[in-house]
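Take a look at the fold shown here.

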Amino acid sequence: MAVSAAVAPAAEPLPRSIFKKFLVMLCSLLMSLYVFYCLADRCQTLPGPIIAAGAASEEDEGGGGEFLGGSAELPPWQAAAARRKRLLQRLKQRRRRQEEAPAGGGGSRAGGSGGGGGAAGTAGTLALLLGEGSKRLPQAIIIGVKKGGTRALLEFLRVHPDVRAVGAEPHFFDRNYERGLAWYRDLMPRTLEGQITMEKTPSYFVTKEAPARISSMSKGTKLIVVVRDPVTRAISDYTQTLSKKPDIPTFESLTFKNRTTGLIDTSWSAIQIGIYAKHLENWLLYFPIGQILFVSGERLISDPAGELGRVQDFLGLKRIITDKHFYFNKTKGFPCLKKAEGSSKPHCLGKTKGRTHPDIDQEVVQRLRDFYRPFNMKFYQMTGQDFGWD
């Protein structure tokens with residue numbers, strides 16, 4: 001009688017199983033490295049952020065084998081701490097040498113600093129990633145005005161390696177003052193020595209209590225106000241509200257208390273914000289005019305590099321942001337960055353910027369121009385600048 005033997009299924013070859021596990025581990029490792037580079041150096045191809053910085057320092061200082069390899073006699077954790085300490089020391093030394101280097105002529109200063117700005121920015125990013133730096137109260141604040149171009153100015157300034165800014169508007173001096181300065185400081189990004197901390201909240205300019213509160217924090221705070229033709233600004237303000245509340249009354253009906261007599265309703269915030277001279281008087285009670293920079297919203301569109309040059313000078317920064325950082329977007333009708341902070345791609349402000357304005361009765365527009373004219377003239381006298389709105 002034939003004995004039938006049960007045939008067991010053939011086991012998967014061991015080498016094949018190990019190979020699969022190896023592939024999974026390799027993919028996990030590569031993914032981890034990719035995430036690290038995204039966080040550490042914005043997805044740019046580098047030979048390794050810390051090693052690259054060490055190699056650059058090695059060229060500057062001479063030697064550096066100890067930095068790259070660490071000390072064989074030290075335990076691993078002590079060697080890592082020693083490497084970190086030496087890296088931070090060399091970054092500070094490099095920054096000190098850059099500050100002491102002769103600036104040269106005005107044109108070469110503006111153009112020649114661009115190349116060094118990338119190296120300084122990389123070094124600063126590395127130091128911040130290593131936990132260096134501290135949170136400080138802002139030394140400069142963009143205080144206004146709403147719909148004047150404040151977001152564009154802040155985005156442009158963030159390209160500068162020595163500017164660190166909060167992305168969202170803190171609204172500390174108008175809405176959150178009771179939370180205290182410790183809460184406000186904690187919102188700020190970490191900065192290194194020589195970097196400027198900034199924030200922008202456009203409603204500060206029209207907040208009665210804001211000047212005294214900022215002065216109480218620091219009398220030396222530098223203030224920036226982006227201003228724009230008050231008529232165009234009011235229409236832009238209305239357009240923004242209309243996009244959120246389509247059922248609001250027409251611009252014309254909101255502009256006048258009495259359309260027949262032509263009496264303007266100055267209680268409407270869209271109109272009130274544009275009376276710049278009135279608001280500025282309040283700020284001059286606490287800050288000298290030389291501590292406030294007035295940026296033209298129109299020139300920020302037509303000549304962004306020129307206005308950014310003035311801002312950089314005002315903040316005591318090298319003129320690193322120049323014409324080469326911008327291109328004009330014909331669809332939106334304003335300049336965009338060729339490379340934004342933290343990206344190697346072009347960047348324009350979002351769809352909420354550059355909305356198409358509704359058609360406004362030209363008689364209403366002219367009535368508003370007549371209304372604003374005396375306030376504009378007073379503002380020109382107070383600031384020593386003619387913005388050309390009339």
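Glu-155 and Arg-151 form a salt bridge, with their closest N and O atoms 3.1 Å apart; the term stands for a side-chain nitrogen of Lys or Arg within 4 Å of a carboxyl oxygen of Asp or Glu. The two residues sit four apart in helix H6, so about one helical turn separates them. Both Glu-155 and Arg-151 are buried, meaning under 20% relative accessible area, while exposed is over 50% and partly exposed lies in between (1.4 Å probe, protein chains only). Helices (H or I, at least four residues) and strands (E, at least two) are DSSP runs, numbered from the N terminus.

A word on the model itself: it is predicted, so local features need pLDDT of at least 70 and side-chain atom pairs count only at pLDDT 80 or more, whereas totals for chains, interfaces and linings use all residues. Residues are numbered from 1 along each chain as its sequence is written, and side-chain values use heavy atoms, with hydrogens and water left out.

The whole structure holds 14 salt bridges. Another of them joins Asp-237 to Lys-146 (3.2 Å, N to O). Asp-237 belongs to helix H9 (residues 230-244) and Lys-146 to the loop between E2 and helix H6 (150-157), so this pair ties together parts 91 residues apart in sequence. Asp-237 is buried at 3% relative accessibility, whereas Lys-146 is partly exposed at 32%. Arg-233 joins these two in a network of salt bridges.

Now turn to the sheet. Its five strands form an open sheet with parallel pairing, in the order E3-E5-E2-E6-E9; strands pair if DSSP finds at least two bridges between them. E3 (163-165) and E9 are at the edges with a single partner strand each, so one side of each has no neighbour in the sheet. Five bridges join E6 to E9, where Leu-223 stands opposite Ile-292 and Val-226 has Val-295 as its bridge partner.

Is E9 enclosed or open to the outside? Five of its five residues are buried, so E9 is largely enclosed by the rest of the structure. Ile-292, Phe-294 and Ser-296 lie on one side, with Leu-293 and Val-295 on the other.

Finally, look at the largest nonpolar core, which has 29 residues. Such a core is a set of buried Ala, Val, Leu, Ile, Met, Phe, Trp, Tyr and Cys residues joined through side-chain atoms within 4.5 Å. Among the members that touch the most others are Ile-143, Ile-214 and Trp-283.
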